[in-house]
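Q: I have not looked at this one before. Can we go through it piece by piece?

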Amino acid sequence: MALVVDIARRTFLVGSLAVSGGVVFGIYKYKSPMNNPLEDDLGEGEAALTPYVRLDAAGVTLITPRTDLGQGAYSIQAAMIAEELDIGLDQVRVDPGPPDAIYYNTALAREAAPFRATDDSFAAETVRSTLDAVMKFVGMQITGGSTTVPDGFVKLRIAGAVARETLKAAAAKKARVPVRELKTARGAVELPDGTTIGYGELAEEATKIRPVTNVKLRDPSQWRLLGKPMRRHDIVAKSTGTQDYGIDQQIDGMLYAAIRINPHQGAGVKSHDASAAEKMRGVLKVLPVTGGFGVIADNTWRAIKAAEAIEVEWGEAAYPAEMDGHWAMLAASFNKDHLDKLARDDGDVEKALDAAETVHEAEYRAPYLAHAPMEPINATVLVGEDGVDVWTATQIPRFVEQNVARIAGVDVKKVRVHVLMAGGSFGHRLEDEVVKQAAELAVQMKGTPIKLTYSREEDMIHDFPRQIAMGRMRGAVKDGHVDAYDLGIAMPSVISSQMGRQGFSVPGPDSVITSGAWDQPYSIPNYRMSGYRAPELAPVSSWRSVGASTNGFFHDCFLDELIHEAGADPLEERLRLMWHEPSRKTLEAVGEMSGWGSPMEAGRGRGVAFCLSFGTPVAEVVEVTDTGHGIRIDKVYVAAEVGRVVDPVNFENLVQGGVIWALGHAMNCEITYSGGRAQQTNFHQHEGMRLYQCPEIIVRGLENGEHVRGIGEPPVPPAAPALANAIFAATGKRIREMPFNKHISFV
């Protein structure tokens, strides 16, 4: 029954999106200019060979429709196209392209299917194929879920191969030689006599022929780029401080805006007095926006200071004003009335617990967390006579199109979204509140470009944070092994909160509530996972690794507790319970890398953790020292199974960044509410790991799995439990609540 309901929820979601404006497009539709969005904006002498390749006399531009959030998305997408197109990364320009249904995310279908990632059964693959068709129909262009590489790994290489063969056909026609006698290299077609024709010279000819779609992808043994270290397309700009982000956008005649929005999220305004703000230097107007006010000024600083000067009596939020109320609502959700889904029920848990000599019990907690990307959130909007232009870094450009069209009262075809490089996101840019507010202001300032920039304080107070969550566990051991494990997880629904802001009501269970826990490939005889949906609290959103970010901590730490109760070795018992071979190999690899089992000095500890999230098994070992003045994290070992390591350097960087991100938040960070508003307003109250605290992080990528997987999010869930388990090994202190600095000091 749960399966049927789960499918229904997802079907409803994508079906609703289709009704709201989805358009049917294929991957390659060359016969009609409307099929390829690039053809709508071609200049003289330009050709759009596929939706991913634009060609002109100056050379090749690769369209990279997944947003670059700092993870190297532009470079890795370009490399997958360039590999088959026979060009170097130094020979191409990169363009995120226009939002369009043709850029739907194929890999999201695999993630959305209500089956374990390890389930390759006929039924699972059939449902995934069906969902993929729906995603294609809807045209869901989203950057998220660590899907950029899985989505593009075949699709973009096909695009490159189609472009290559089409250019060869164009060269054959132009030079009057058989196409079978032509080769390609370094952005040119080589003729039998050794002369070459640059791709740019073939642009005009290429527009006259039908693209060649019957192509064969090259064997990995022939790859020039993929699988090898690559220099990222943006590395020079980022290394020299010349990279432009959304906040650097400048438009002639542009004015600047700041907002003052109710800190009690979702509530309105009782009364206000903007007279002081309106008299401040540089201030042009104070205008209403949903939930508060926007100030238009001649620079951002003056707009921010004027916004702070507006006197407002705010309405009260619907969620509890103090944290005790939030935790109390979670605690009260562990009952059948709030059961969202019984995600797993192996064996007979109740019978095993009744028969056990000792039932081990625990409660774990994980707090709200801010996204807090380094680049302040911003958007620039111009409402003109012929439509609306939006410049912003967004992961959901098609949602942006639709929301701006609604606000501006124009057809969605008249909204032009220019996707820009993001200075971080961690899930923040899956929301588009800043764009909506900028659009509301721009509508009131028609003809004038308006750049809205959040102050750090406004951003953190109004962020839609990671979900608060609580885990309650019972377990038992038998004959030196883990025999029973009963985990209940309570949290508000991330999907309901997030999609609700896009205007969608999502029925059915929310898989986020048990993700990173229910589908772990362990064969515990009596094994139950229950998800409880807490009532809506503070509005929440996707935060790097989403549900697995809390559930990985809950699941693995309590498993570690049971293993210690059994008197077993933490790594050996995990290996004994593991049935999924690629996951087993990650545990074996991290054990070998860390020298697991080798002796450690007094005061030192080693903790292991494993989590399979987004289809990617990741195992981590953390080593710590109890210095007497606090815990020092010495080393972290990470093994990750991704099927194919596309760029070893970027892979290592993403894993290391994920580990640092996860450890810093586990150590220090939380968002708390008092008086109905977030208490933390800047980085000094939401402190990441310091440079001197950063351990050595040793990474190994494994390629044993059949599927290509993403690596942006999966290193996050195992880091916190590995650290907690290491602290226990070093001190005997079991920490069951993040942030850990509530219970122990770090040096």
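Q: Is Lys635 buried, exposed or partly exposed?
A: This is a predicted model. In it, Lys635 counts as partly exposed because its relative accessibility is 30%.

Q: Which residue does Lys635 form a salt bridge with?
A: With Glu696; the closest N and O atoms of the two are 3.9 Å apart.

Q: Where do Glu696 and Lys635 lie?
A: Glu696 is in strand 27 (residues 696-702) and Lys635 is in strand 24 (residues 631-641), so their pairing ties together parts that are 61 residues apart in sequence. Glu696 is partly exposed, with a relative accessibility of 45%.

Q: Which residues do salt bridges that share partners join into one network?
A: Glu601, Arg604, Arg606, Glu623, Arg632 and Asp634.

Q: How far apart are the closest N and O atoms of Arg632 and Asp634?
A: They are 2.7 Å apart, and the two residues form a salt bridge. Arg632 is partly exposed at 39% relative accessibility, whereas Asp634 is at 16% and counts as buried.

Q: Why does Asp634 count as buried?
A: Its relative accessibility is 16%, and buried means under 20%.

Q: How many salt bridges does the structure hold?
A: It holds 48. One of the pairs is Asp298 with Arg302, where the closest N and O atoms are 2.9 Å apart. Asp298 is partly exposed, with a relative accessible area of 37%, and Arg302 is also partly exposed, at 21% relative accessibility.

Q: Why do such pairs form at all?
A: Side chains of opposite charge can pair when their charged atoms come close.

Q: New topic. Which domains does the assignment give?
A: The domain assignment lists domain 1 (37-105 + 141-240), domain 2 (249-317 + 394-402 + 416-453) and domain 3 (323-370 + 464-742).

Q: What separates the centres of domain 1 and domain 2?
A: Taken over C-alpha atoms, the centres are 38 Å apart.

Q: How many residues of each are in contact?
A: On the domain 1 side there are 15 residues, in contact with 16 residues of domain 2.

Q: What area do domain 1 and domain 2 bury between them?
A: About 1200 Å², with 64% of it on carbon and sulfur atoms. By class, the side of domain 1 that touches domain 2 has 6 nonpolar, 5 polar and 4 charged residues.

Q: How many salt bridges cross that interface?
A: The rule finds 0 salt bridges between domain 1 and domain 2. There are 4 residue pairs in polar contact between these domains.

Q: Buried or exposed?
A: Thr118 counts as buried because its relative accessibility is 16%. Not counting residues up to four places away in sequence, Thr118 touches Trp579, His580 and Leu612.

Q: And where is Gly664?
A: Gly664 is in helix 19 (residues 648-668). At 1% relative accessibility, Gly664 counts as buried.

Q: What is Gly664 in contact with?
A: Leaving aside neighbours within four places in sequence, Gly664 is in contact with Cys669, Glu687, Gly688 and Met689.

Q: What about Gly664 and Gln693, how far apart are their C-alpha atoms?
A: Those C-alpha atoms are separated by 9.2 Å, and the two residues are 29 residues apart along the chain.

Technical notes:
Residues numbered from 1 in each chain as written. Predicted model: local features only at pLDDT ≥ 70, side-chain atom pairs only at ≥ 80, totals over all residues. Heavy atoms only, no water. Domains from an automatic or database assignment. Contact = heavy atoms within 4.5 Å. Buried area = accessible area lost by both parts, 1.4 Å probe. Salt bridge = Lys/Arg side-chain N within 4 Å of Asp/Glu carboxyl O. Polar contact = N/O pair within 3.5 Å; in protein donor to acceptor, adjacent residues only side chain to side chain. Nonpolar A, V, L, I, M, F, W, Y, C, P; charged D, E, K, R; others polar. Buried < 20%, exposed > 50% of the residue type's maximum accessible area, 1.4 Å probe, protein only. Helix = DSSP H or I, 4+ residues; strand = E, 2+ residues; numbered from the N terminus.
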